[in-house]
Amino acid sequence: MAAVITALTVGLGLALSAQAQEPTLPLDTTGRQQQALLGTVRPLPDPGAPELGLVFFGDQGTGRGAQLQVARAVHEHCLDHRCDLVALLGDNINPHGARSAEDPQWQRKFELPYRELDLPFLAALGNHDRQLGTQAQLDYSQRSERWQMPSRYYETTNGPVQIFVLDTGDFDGVQRRWLRRGLRHSSATWKLVYGHHPYLSYGQHGSDPALQRKLRPVRRHADLYLAGHDHDQQVLQDPRGPLLVVMGSGGSPVREVAEGPETLYAASSHGFGWLLLSQDHGRLEVLDAQGRLRFELDLDPTPPGCTGPGCPPSAR
């Protein structure tokens with residue numbers, strides 16, 4: 001299900017140790033046994049609020065100047081904008097991930113940069129997070145008041161938004177069935193999905209046809225898909241799927257980005273995205289590392305039975 005774009009504004013733009021073993025989720029056609037093994041996200045203070053504000057970015061975990069600059073800009077933005085949570089799009093601890101939940105990198109690359117942001121951080125795994133094993137990032141959820149990664153992939157509902165966080169680096173059939181079932185049965189106004197890898201991109205890594213096939217449930221049923229991996233900022237309208245936002249701009253060195261027919265905005269820039277989603281309206285903003293607004297987009301939820309060009313293929 002794709003959101004309906006109602007207005008947009010563009011600013012300046014294009015412009016090692018053994019890996020820990022994780023439990024294997026059993027194949028279960030009902031999904032009940034699998035869901036019981038997935039971790040649970042700690043609820044927000046007001047999970048039934050009529051709107052949800054979230055900040056998002058990825059490829060941030062360097063501990064260096066660009067990450068600190070983006071973190072300061074996020075803090076300033078959230079002083080006068082609604083921010084309920086931060087969505088981390090992967091590559092959280094660069095360049096090889098964390099060795100354990102006690103690894104000193106947690107302080108340099110997460111706790112200190114974001115010390116002024118008293119918000120839950122809902123994290124997805126990136127390819128660089130896997131090199132020393134993923135267990136450290138799962139375990140850190142038990143040590144941190146803010147960091148949340150209860151499972152390799154998980155979901156949570158807050159107000160009008162149901163969020164599905166994916167492990168796109170190990171997107172197997174079990175995860176795909178879990179995602180398809182969750183999206184099909186969701187009654188949320190907004191179905192927001194994010195993972196590290198984009199399936200459509202004009203950045204250095206480019207589009208991923210194999211992932212595009214695997215993420216068919218996203219293309220058919222989601223309103224928004226967020227990703228990192230390419231170190232740039234992109235807003236793309238998938239003609240057969242959701243609005244796709246690449247925001248791999250949280251701290252790693254930025255790279256060149258091109259434009260394609262689906263491009264609404266592209267910039268080789270550090271920065272972050274912000275979404276405000278309510279029952280009847282949505283707003284996307286893309287900001288640079290100084291907190292300056294570079295692109296904005298107004299969105300309306302797709303109405304039931306929609307048959308227009310902004311609707312999913314299954315509704316046409």
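Two strands pair if DSSP finds at least two bridges between them. With that in hand, hi everyone, let's look at this structure, which is a predicted model.

I'll start with the sheet. Seven strands make up an open sheet, and their order is β6-β7-β8-β9-β11-β10-β12, with mixed pairing. At the edges sit β6, residues 154-158, and β12, residues 263-267, and each of these pairs on one side only. From one strand to the next, the twist averages 15°. As a reminder, strands of a sheet pair through backbone hydrogen bonds, either parallel or antiparallel.

Now zoom in on β7. How many bridges join β7 to β8? There are five, and the two strands run parallel, with β8 covering residues 190-194.

Is D167 buried or exposed? Its relative accessible area is 0%, and buried means under 20%, so D167 is buried.

What does the side chain of D167 reach? The answer is the backbone nitrogen of G169, at 3.2 Å. And who else is around? Setting aside neighbours within four places in sequence, D167 is in contact with L125, R130, R152, Y153 and Q175.

Thanks, folks, happy to chat!

Note on methods: Residues numbered from 1 in each chain as written. Predicted model: local features only at pLDDT ≥ 70, side-chain atom pairs only at ≥ 80, totals over all residues. Heavy atoms only, no water. Buried < 20%, exposed > 50% of the residue type's maximum accessible area, 1.4 Å probe, protein only. Polar contact = N/O pair within 3.5 Å; in protein donor to acceptor, adjacent residues only side chain to side chain. Contact = heavy atoms within 4.5 Å. Helix = DSSP H or I, 4+ residues; strand = E, 2+ residues; numbered from the N terminus. Axes fitted to C-alpha atoms, helices over the stretch in contact; angles between N-to-C directions.
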